[in-house]
Amino acid sequence: MAGFSKVQELRSFSFHPMEKYLEQLNEAQRQAVIHIEGPSIIIAGAGSGKTRVLVHRISHMLNKGVDAFNILALTFTNKAAREMKGRITNLAGDEARNLWMGTFHSVFAKMLRVEAQRIGYPQSFTIYDTDDSKNLIKDIVKSQGLDEKVYKPGVVLNRISTAKNNLFSVKEYQDNPELNNDDRIAGKPHMALLYEIYQNRLFKSGSMDFDDLIFNTYILLRDFPEVLHKYQHKFKYVLVDEFQDTNYAQYIVVRKLSAQHENICVVGDDAQSIYSFRGANIQNILSFEKDYPELQTFKLEQNYRSSGIIVNAANSVIANNRGQLPKKVWTENHDGDKISLLRALSDNEEGSIVASSIFEERLRRQWVNHDFAILYRTNAQSRAMEEALRRKGIPYRIYGGISFYARKEVKDLMAYFRLAVNPDDEEALKRVINYPKREIGKTTLEKLVIAAERESLSIWKVIGKIHSIETGITAATRNRISDFGSMIKSFGAMLKTHNAYELASHISGSSGLLKELYSDQTPEGISHYENIQELLNGIKEFTDNGNTGLPAPSAEQELEPELRTLDVFLQDVALVTDADSDDQEKDTVSLMTIHAAKGLEFKCVYVVGLEENLFPSQMALQSRTELEEERRLFYVAITRAEKKLFLSHAASRYRWGNLTGCEPSRFLEEVGEEFVESVVNEVKRNGLADERRANWSGFGNSGKAFAGAAKPAVLPGPGFRRMKSGERTSEAPVSEQLPFVADDSNQIVVGMEVEHQKFGAGKVVNMEGVAADLKATVFFPAHGNKQLLLKFAKLRIIR
DNA sequence: GGAGGCCTCGGAAGG
DNA sequence: CGAGGCCTCC
């Protein structure tokens, strides 16, 4: 192996006074950073400084004279790549620009652009997103006369995706008795045929779906030794982040790429593997150990993120999974506050309790909105949270949901861009051939598709010969089609003569799309128009500065102005999602699914909806492995918290329109009871439906974590009650133990003199609101008028 | 071609 | 319940 002398150099280096950046690391981290030669695996516990190690490791390579061009680093998201690249630049300088760093998809797309012709694809291939793929499948199923109920687009696409992720080509799929048998048993015997047609249509369209970006890279490296050789020699060092989330195909490609130098370093945490449902293969970690017997293993076990309670509670949960890689996550951080268990009668009440709690914690601990996150299993749970936060006037931001680029109007304009770059792109063409209206209807389109099938041509090629190919389309319509073709051709001709913005605005104007959108003055119509403006603004920024204000992978170096053309903009943008936008300027509480929270951290975290059939999801109760993935998800949720964690569950919840009773999640029992305190929430009596009240009994002591919790013998009386002070444990911070005893806020009326813990004595000048929203305006000589929500403000009555 | 009624179905989501 | 797809009717 070429790097022997380098190893020596590094070893001696590690005994000498080190560069400052190495001093900032603990011993395990330092070892993982300096041993850059040979295969290695870094098992990184939650909050153990994994990103830090990756950043330092790459910086260290650069400082040791490794050329950035020879380093390939694969990340889970574009955002992660961008952030890491920035940090490496800070540590190692501008050289970092030349790193190949990005997601599997973006890096492989970049390679495929260069090599595509070898596998029969145009250099300008376009990329289908999931919607495009499903639309195509729907078409194919229909045209094959198959039952659309049986061959649902999503299901078919999943099957094809799984095949590709496991490197089954169409031919291999068709020849595989086991796969065919599975399909037959599942009542879908034509799956292999659909795969074949789907793949042909993609190929004719000069398009790849997301999985093709991996699969075709594999084909390229497998079938073209010179390509394999080229990249094997280029990538002397290969790093893979979030290795537990890679699928088989990704692993095989990475192995091939690094086969020459075998300087491959993978980083991951088996306990945080939460994406097996879309093909991630936790087995890759075990395979890696088998494939590289000389592997160096580094374990990062010290957690810097969370309090002792949180780290240990997380450990107690994950211990219920079988077969975790042996490691012991520990921390030097203080134990901190116990985990608080919140219970609500209903999903809506859960929302108000969480919102109230945020309000209170924010005040009490002097935290800002930004320090709080509400994490849930399903997006549907966000509604109750939102409503409650809005009622309390707490600003929030929901992450996830529909992406900017998934919006119809944005996709429509992007379809024109795609056609300019690659007119064979069938999904783009079908999308806009009659939008805005050009009197080229469904029937005509079907005729075009049939002719294309018959002639083995793309629809675009048929359009090019529309007057010479037999389609059964009338002359008048043929002329309209040919006009459309000329327009697209003229867009394509402008690609190299105009910059991205010039062409994009030209297209949006002369396609008639802008006018179409402008004519709709309904609120939705206006918002569609604004989204198009936003897209155009982003392209303007791309043209002017080489990057975009839109969510985009600007991990790449800035482009030369002459390269800022629309085709280049499009290449990047297909692989971008909203997760890539950082929009941190506003001080808001974050709402997101646990999946979306991976890699993030917050001072204070609320994990809500801890109920059987919701979390764990009822769909995961079939098998142990699925349940274990749910548990890892819970582990990820817990370990997002730095200082304070709340877990909550409701006794009833609206699911699909029905009020259903909910049992506390089994996961609650798995949190060691020594880490948990139960909080008796103030509960409004008003507005509680009788059925829900009856459900109170459902709060039984089934969870040992809250077995000792006070269970009210009767429902709280009118108004509300405050938390029992006796339930605070002796481990609470000193600030909570100040002997300030508040009086029952129900007693407070206008005109009273009261004392506030912070503001001192004051006089109640006004009262408004009812029940939990009861607010008092109190005049404090030193602070002026203060609005205090009586639910939280601890007030002592003076007289 | 579009509006409106009916039916179905519901998970998490990177690229 | 509510979103989205599909069908029907104009």
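**Close-up 1. Cys604 and Cys265 are buried cysteines of this predicted model.** Cys604 has a relative accessible area of 0%. Cys265 has 1%. Buried means under 20% relative accessible area, exposed over 50%, and partly exposed in between (1.4 Å probe, protein chains only). The disulfide count is zero, where a disulfide is a pair of cysteine sulfur atoms within 2.5 Å.

**Close-up 2. Helix H8 packs on helix H12.** H8 spans residues 153–165 and H12 residues 210–223. Helices (H or I, at least four residues) are DSSP runs, numbered from the N terminus. The angle is about 25°, with the axes 9 Å apart. Axes are lines fitted to C-alpha atoms over the stretch in contact, and angles run from 0 to 180 degrees between N-to-C directions. H8 and H12 are therefore roughly parallel (under 35 degrees). From H8, Ser161, Lys164 and Asn165 make the contact (heavy atoms within 4.5 Å); from H12, Asp211, Asp212 and Phe215 do. By class, this contact of H8 with H12 has one nonpolar, two polar and three charged residues. Asp, Glu, Lys and Arg count as charged; Ala, Val, Leu, Ile, Met, Phe, Trp, Tyr, Cys and Pro as nonpolar; the others, Gly among them, as polar.

**Close-up 3. Helix H24 packs on helix H26.** H24 covers residues 500–510, and H26 covers 523–545. Their axes lie 8 Å apart at about 155°. That makes H24 roughly antiparallel (over 145 degrees) to H26.

**Notes.** Residues are numbered from 1 along each chain as its sequence is written. In this predicted model, local features need pLDDT of at least 70, and side-chain atom pairs count only at pLDDT 80 or more.

Notes. Chains lettered and ligands numbered in written order. Heavy atoms only, no water. Helix = DSSP H or I, 4+ residues; strand = E, 2+ residues; numbered from the N terminus. Parallel < 35°, antiparallel > 145°, perpendicular 65-115°, else oblique.
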